[in-house]
Amino acid sequence: MTAQKTSAQMTSTVRVLVVEDHPVTRAGIRASLDKHPGLTVVGEADSQAMACRVLDVELVHVVLVDLRLGHEQGMDLIEHLARVRPQTRVLVLSQASPGEVLAALKAGAHGYVSKSATTAELTTAVLAVIEGPVLPPELAARLVGEFQHRSSLTSREREVLGCLARGYDNREIAEELGVALRTVNRHLENIREKLGSRRRSELIRLAREWDWNASA
């Protein structure tokens, strides 16, 4: 069966909506994309409400969205588009941690490009996201590596990480899980071995990124 083509694949120009709350940044993105003959920016927005107004009146193939929109979160827009406009491709343009990128992909985004990307890299990403997922190789490798690390942990080790994410010390973790302190210490040793001898501060950062409280 032949896959149905998107409207962007059937036309010569990819139509882009830029969702970014900083006017200077928006102007720079627009200027960069408009240089390419195969791209046209059909709208700009600094909030979810404004983005939805543009989408109501314009044909948009790719929504380029920052994860931080002033007092709003770009994740809310990503989830909204996944529900009501699943045919629209969403490309995150932001400075984000691997955990944030993974969360955005789970919410419905189709790719990620860093704000430190060059004009050529940004243009390539916007064109490529029409065809499939877009992730920088180094980020894709890191996400795969972290997923493999996560998969190697036992359910109890995940619970220990969840307690770390909440700021518990070892004794508090033992009380929370109803185990001996030496058992917590052993779990932490196993976790460090599996994750590569990481410091406690690094374990806490990973635990918060991975959000074990929600997934354990």
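Visitor: Asp-56, buried or exposed?
Guide: Asp-56 is exposed, with a relative accessible area of 59%. The cut-offs are under 20% for buried and over 50% for exposed, with partly exposed in between (1.4 Å probe, protein chains only). This is a predicted model, so to speak of local features takes pLDDT of at least 70 and side-chain atom pairs count only at pLDDT 80 or more, while totals for chains, interfaces and linings use all residues. Residues are numbered from 1 along each chain as its sequence is written, and side-chain values use heavy atoms, leaving out hydrogens and water.

Visitor: Which residue forms a salt bridge with Asp-56?
Guide: Arg-85 does, and the closest N and O atoms are 3.2 Å apart. Arg-85 is in the loop between α4 and β6 and Asp-56 in helix α3, 29 residues apart. A salt bridge here is a side-chain nitrogen of Lys or Arg within 4 Å of a carboxyl oxygen of Asp or Glu. Helices (H or I, at least four residues) and strands (E, at least two) are DSSP runs, numbered from the N terminus.

Visitor: How many salt bridges in the whole structure?
Guide: The search finds ten. One of them joins the side chains of Lys-115 and Asp-66, at 2.8 Å from N to O. That pair links the loop between β7 and α6 (119-128) with the loop between β3 and β4 (68-69), 49 residues apart. Lys-115 is partly exposed at 32% relative accessibility, whereas Asp-66 is buried at 5%.

Visitor: Which residues are linked in a network?
Guide: Arg-26, Arg-30, Asp-34 and Glu-44, through salt bridges.

Visitor: Switching to the sheet. What order do the strands take?
Guide: The order is β2-β1-β3-β6-β7, five strands in an open sheet with parallel pairing. β2 (39-45) and β7 (111-114) are the edge strands, each pairing on one side only. Two strands pair if DSSP finds at least two bridges between them.

Visitor: What packs on the sheet?
Guide: Helix α2 (residues 23-34) does, touching β1 (14-19), β2, β3 and β6, and its direction makes about 165° with that of β2. Contact means heavy atoms within 4.5 Å. Axes are lines fitted to C-alpha atoms, for helices over the stretch in contact, and angles run from 0 to 180 degrees between N-to-C directions.

Visitor: And Glu-157, what is it in contact with?
Guide: Leaving aside neighbours within four places in sequence, Glu-157 is in contact with Ser-152, His-187, Asn-190, Ile-191 and Lys-194. Glu-157 lies in helix α8 (residues 155-165) and is buried, at 3% relative accessible area.
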